[in-house]
Amino acid sequence: MKRYIETVKKLMTIAPQKKWTVVSMFLSCFLYNIASLLPPLATSGIIAAVTAKQLGGIWIYVGLYLLFYFLYFSALKWNYYTYTVLADYYHIEVQKDLFNHISNNDSIFDKISKGKIIETCSDDIRYLVDVMNNASKSLMGILKIVVIFFIFCYYNIFVAIFAIGLDLLYLGLMNENAKRVSKFYEGTRKYEDKIIDIFNQMLMNLKQVRSLNLMDKLNHNLDKSRSRWTEQYKEKRVNLTNRYCTTPYIVYIGKIILYIFLAYLVVEDKMSIDKLVLLISYYEMTITVTDTTLDFLLDLGNYGVRVNRIAHILEYSPQKEVDYGDLENDYINGVVQFKNVHYNIRSKEILKDVNFKALPNEITTIVGHSGSGKTTIIHLLYRLIHVKSGSILIDDESVYNYTKKVYSSNVSGV
């Protein structure tokens, strides 16, 4: 339950406005769930009136039916309205925040793949409203089960203990299953990002890919990512199969046992027919509510992956600007030299012992496959990142010795 709460809190941090609309969503969800508990009381009343042959009393319960359903659909309409307002707010405002943050931090592409950024901005934001929607429905579903438990206690304590014990076991097993499903869902999203990223590289550099015969290499990388995606997807489906085809046996075996016990109470004149119908209605409702609540929690776990992806982008902050020196020499010839340059990111080696010299008035071309370090070399020259070891020189002076004014006026790129 803690991870679901963390997901909601993170979303409120990402999109802090519309708090009263969020409250309205939870309140309307509470009202229509409470209203849905009332019709079985009217059903029980009708059966009691028929059993007592008091046909005139039926119309009272018919009137209650109409009232209960009016309350239910009124609250449901309110809930649909809040969903619409929140969906518009989350989609538009969070997308704006993402676009602004990305456009103001162009170095973000060094840390987060374009595939992930594109997928997050276009796909993940569409599900933010469902985080709140599923959170409210899950919470009210659990509350509904608690209310039904007290109704059972009022009529028969043994039925209440059996029903709630079975339900708690079912909830626990399904919650563990939801964790595993979310884990493998996150894995599929990870490799989807990689596939999109490689495909984006192919599209952006199609002529170069063909001229340098890189298509086989890129297709090989695509096949590796597709294979890993398939592994994650199969594991997710195995857990979903257990969720919907194996674990539910517990509930339905328990239901048979409960109905046999209730039938025994009726035969022994320890329970009336109308109470039997009432308890059966509520137990059937318990099963339905439990299943829908578990589905909401499963989806909420998956939506948590989407919220984390959005937060990962919005929480990105560029590295501190590399300090400049005090060398005011503005008569630069332009000899660029890399001497034994090493650079790594999170223990992954990008450049190893790179040595080359680029002379002025000549064209120097750096070529290599994706991920070989071409962009890293340019970023080192732009001083966006700091070399780990080795030297980068312009006219035999370290690039870190020049003042900002001198460097920015002599080093540029298109």
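Which helix does Thr188 lie in? Thr188 lies in helix H8, residues 157–204. The views below show a predicted model, in which local features need pLDDT of at least 70, side-chain atom pairs count only at pLDDT 80 or more, and totals for chains, interfaces and linings use all residues. Residues are numbered from 1 along each chain as its sequence is written, and side-chain values use heavy atoms, with hydrogens and water left out.

**View 1. The whole protein has 14 helices and 4 strands.** Helices (H or I, at least four residues) and strands (E, at least two) are DSSP runs, numbered from the N terminus. The radius of gyration is 32 Å, well over the 22 Å that the globule rule gives for 414 residues, so the protein is more spread out than a compact globule. This radius is taken over C-alpha atoms, and the rule is 2.2 Å times the number of residues to the power 0.38. The C-alpha trace spans about 110 × 40 × 35 Å along its principal axes. Of the 414 residues, 41% count as buried. Buried means under 20% relative accessible area, exposed means over 50%, and partly exposed lies in between (1.4 Å probe, protein chains only). Residues 24 or more positions apart make up 78% of the contacts with a separation of 6 or more. A contact means heavy atoms within 4.5 Å.

**View 2. Thr188 is a buried residue of helix H8.** Its relative accessible area is 3%. The side chain of Thr188 reaches the backbone oxygen of Tyr185 at 2.6 Å. Which residues does Thr188 touch, not counting those up to four places away in sequence? They are Trp229, Gln232 and Tyr233.

**View 3. Arg309 sits in helix H12.** This helix covers residues 273–314. Is Arg309 buried or exposed? Arg309 counts as buried, at 6% relative accessibility. Setting aside residues up to four places away in sequence, Arg309 touches Lys116, Glu119, Thr120, Asp124, Arg189 and Asp193.

**View 4. Asn242 is a partly exposed residue of helix H10.** Helix H10 runs over residues 215–245. The relative accessible area of Asn242 is 36%. Leaving aside neighbours within four places in sequence, Asn242 is in contact with Asn177, Thr247 and Pro248. Asn242 and Leu37 are 205 residues apart in sequence. In space, the two are 30 Å apart, C-alpha to C-alpha.

**View 5. Asn361 lies in the loop between strand S2 and helix H13.** Strand S2 covers 348–358, and helix H13 covers 374–381. Asn361 counts as exposed, at 84% relative accessibility. Its phi is positive, about 65°, although Asn361 is not a glycine. Most residues other than glycine have a negative phi.

**View 6. Asp395 has a positive phi in a loop between two strands.** The loop joins strand S3 (389–394) and strand S4 (397–398). Phi of Asp395 is near 55°, and the residue is not a glycine. How exposed is Asp395, and what is its relative accessible area? Asp395 is partly exposed, with a value of 22%.

Technical notes: Polar contact = N/O pair within 3.5 Å; in protein donor to acceptor, adjacent residues only side chain to side chain.
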